[in-house]
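Subject: Structure handover

Dear colleague,

My notes on it come after.

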Amino acid sequence: MTEQTIPATTGDTTDAGDAGYRKALKPRHVNMIAIGGAIGTGLFLGAGGRLAQAGPALAIVYGVCGLFAFFVVRALGELILHRPSSGAFVSYAREFMGEKGAYVAGWMHFLNWSTTGIADITAIALYAHFWSFFSPIPQWVLALVALAVVLTLNMVSVKLFGEMEFWFAIVKVAALVLFMVIGIFLLVTQTPIDGVAGGPRLIAEHGGIFPSGLLPMVLIVQGVVFAYASVELVGVAAGETEHPEKIMPKAINSIMWRILVFYVGSVVLLAMLLPWSSYTKDQSPFVTVLSHLGVPAADSVMNLVVLTAALSSLNSGLYSTGRILRSMAMAGSAPKFTGVMNRSHVPYGGILLTAAVCVLGVGLNYLVPKEAFDIVLNFAAIGILATWAIIVLCHLLYVRKTRREGIERPSFRLPFSPYTEIATLVFLAAVVVLMGFDETGRITLLALPAIAVALVAGWFGVRKRIDMRAFDEEGV
């Protein structure tokens with residue numbers, strides 16, 4: 001089959017890393033990838049502990065963080081319409097920041113998703129241990145099996161990846177919608193839970209919106225941001241989608257209202273059904289409500305949903321790093337084998353490299369099963385903040401270029417540029433500062449110098465083989 005190169009929307013740029021992909025992702029796949037990226041374990045599991053810490057003010061934090069996450073993905077959306085690419089933000093960083101920018105963007109994304117993959121297989125093993133059937137099986141064995149299954153399916157074809165994400169997202173959305181329907185019914189009918197009917201007065205009677213003051217609300221921001229850590233993956237899917245100029249704006253715009261409904265709406269509903277102090281970090285808040293209602297097997301059902309969310313995250317991480325590393329390999333800033341495709345047009349080299357790091361995570365599960373999850377999340381946090389910042393910087397440089405050269409921007413634009421980009425970068429910097437107030441966050445910040453040294457050393461190792469012909473600008 002003849003390799004095809006994805007044409008540049010503007011007609012003046014091409015990325016060699018885009019050659020050879022099949023346009024196998026359908027609109028329903030892309031829409032569900034967008035939904036799945038915005039809904040994960042940060043809501044299903046993490047909301048309980050944050051409700052217990054900040055009370056109903058958590059809804060405000062989810063709204064604010066969700067707004068900036070939307071700005072990031074909206075900026076990425078405009079870049080996609082400028083030039084769809086499976087290299088996504090790495091390809092845009094190469095265009096607007098040079099190969100050094102692409103190098104940093106790619107390896108920080110790899111850091112994020114390879115370590116997130118370790119967290120995912122650890123979570124999958126922990127969730128599986130919930131059922132007695134899996135209890136005798138060691139955590140590291142379950143982690144290895146989960147990795148092997150998702151890796152195998154990811155290598156088959158991009159269409160199968162899209163189908164998996166479609167059904168993973170369906171499970172997550174269906175669970176949330178069902179819970180919200182039940183919750184609204186309880187409020188409308190004033191059905192009491194533990195002898196008390198829910199409603200807005202339940203918030204007012206337990207300290208109001210800010211029961212613990214403003215400080216806890218501010219401190220949980222750095223944790224909430226990572227609940228949205230997959231929203232940028234919709235940009236990677238653009239390179240394997242037919243007519244991205246039609247599909248992407250709809251998929252990206254839908255993210256905002258889904259954040260409002262599923263995150264903000266769910267937290268408001270949870271706060272009106274039970275006092276905020278009833279929730280704990282050790283249990284999904286949805287399970288807390290359903291167990292107080294006496295719903296049988298509620299914890300098993302929600303555990304299955306959270307398990308699905310972790311599988312979805314692992315699936316997406318393998319997919320995106322494979323494409324990102326291939327874009328880098330074509331320029332020489334990643335190992336050559338990560339640029340290789342199989343007969344199904346899947347860049348298996350990059351996927352295998354990510355899986356290899358996850359195998360190290362299996363060893364971590366063997367050595368320190370209780371600490372494995374927290375250790376790797378520290379590094380994932382650095383990766384996602386860097387990726388988001390690079391996306392916003394690329395958009396800022398893109399807008400500057402359009403003004404300087406008189407290029408017309410797409411009709412689908414990030415509003416209020418450049419103020420939106422500046423505000424987003426300030427917000428991301430504030431998140432880094434807030435990480436210093438948290439014990440886990442401080443460990444993350446201490447790792448920054450080591451990561452910087454590794455990036456610099458890596459650059460000096462690859463700079464002589466950088467091939468700028470991987471990215472051509474016609475007429476230059």
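Predicted model: local features only at pLDDT ≥ 70, side-chain atom pairs only at ≥ 80, totals over all residues.

Residues are numbered from 1 along each chain as its sequence is written, and side-chain values use heavy atoms, with hydrogens and water left out.

Helix α14

Helix α14 covers residues 298-331; helices here are DSSP runs of H or I with at least four residues, strands are runs of E with at least two, and both are numbered from the N terminus. The 34 residues of α14 should span 50 Å at 1.5 Å a residue, and the end C-alpha atoms are 50 Å apart, so the two values agree. The expected span is taken as 1.5 Å times one less than the number of residues. Of the 34 residues in α14, 28 are buried, so the helix is mostly covered (buried means under 20% relative accessible area, exposed over 50%, and partly exposed in between, with a 1.4 Å probe and protein chains only).

Ala297, in the loop between α13 (285-292) and α14, has a phi of about 60° although it is not a glycine. With 44% relative accessibility, Ala297 counts as partly exposed. Just after α14, Gly332 has a positive phi of about 95°.

Helix packing

Helix α6 (residues 139-156) packs against α14 at an angle of about 50°, with the axes 10 Å apart. Axes are lines fitted to C-alpha atoms, for helices over the stretch in contact, and angles run from 0 to 180 degrees between N-to-C directions. The pair α6 and α14 is therefore oblique (under 35 degrees counts as roughly parallel, over 145 as roughly antiparallel, 65 to 115 as roughly perpendicular, and the rest as oblique). The crossing of α6 and α14 is right-handed; a crossing is left-handed if the near helix is turned anticlockwise from the far one by less than a right angle, and right-handed if clockwise. On the α6 side the contact is made by Ala146, Leu147, Val150, Leu151 and Asn154, and on the α14 side by Leu311, Leu314, Asn315, Leu318, Tyr319 and Arg323, where contact means heavy atoms within 4.5 Å. By class, this contact of α6 with α14 has eight nonpolar, two polar and one charged residues. Ala, Val, Leu, Ile, Met, Phe, Trp, Tyr, Cys and Pro count as nonpolar, Asp, Glu, Lys and Arg as charged, and the others, Gly among them, as polar.

α6 also packs with helix α7 (residues 158-188), at about 130° and with the axes 5 Å apart. α6 and α7 are therefore oblique to each other. Here Leu153, Asn154 and Val156 of α6 meet Leu160, Phe161 and Met164 of α7. The classes are five nonpolar, one polar and no charged residues.

α7 in turn crosses α12 at roughly 35°, and their axes come within 10 Å. The crossing of α7 and α12 is left-handed. From α7 the contact includes Val173, Leu176 and Phe179, and from α12 it includes Val261, Phe262 and Leu269. The residues of this contact divide into 14 nonpolar, three polar and no charged.

Backbone details elsewhere

Gln190 lies in the loop between α7 and β2 (192-193). Gln190 has a positive phi of about 55° although it is not a glycine, and at 39% relative accessibility it counts as partly exposed. In the loop between α16 (372-405) and α17 (419-435) is Pro418, and the peptide bond from Ser417 to Pro418 is cis, with omega near 10°.

Two buried residues

Pro244 is in helix α12 (residues 244-273) and is buried, at 8% relative accessible area. Outside four places in sequence, Pro244 touches Leu81, Pro84, Ala238 and Pro249.

Val234, in helix α11 (residues 233-237), is buried with a relative accessible area of 1%. Beyond four places in sequence, Val234 is in contact with Val30, Ile33, Ala34, Val73, Met248 and Ile252. Val234 and Ala34 are 200 residues apart in sequence and 5.6 Å apart in space, C-alpha to C-alpha.

Regards
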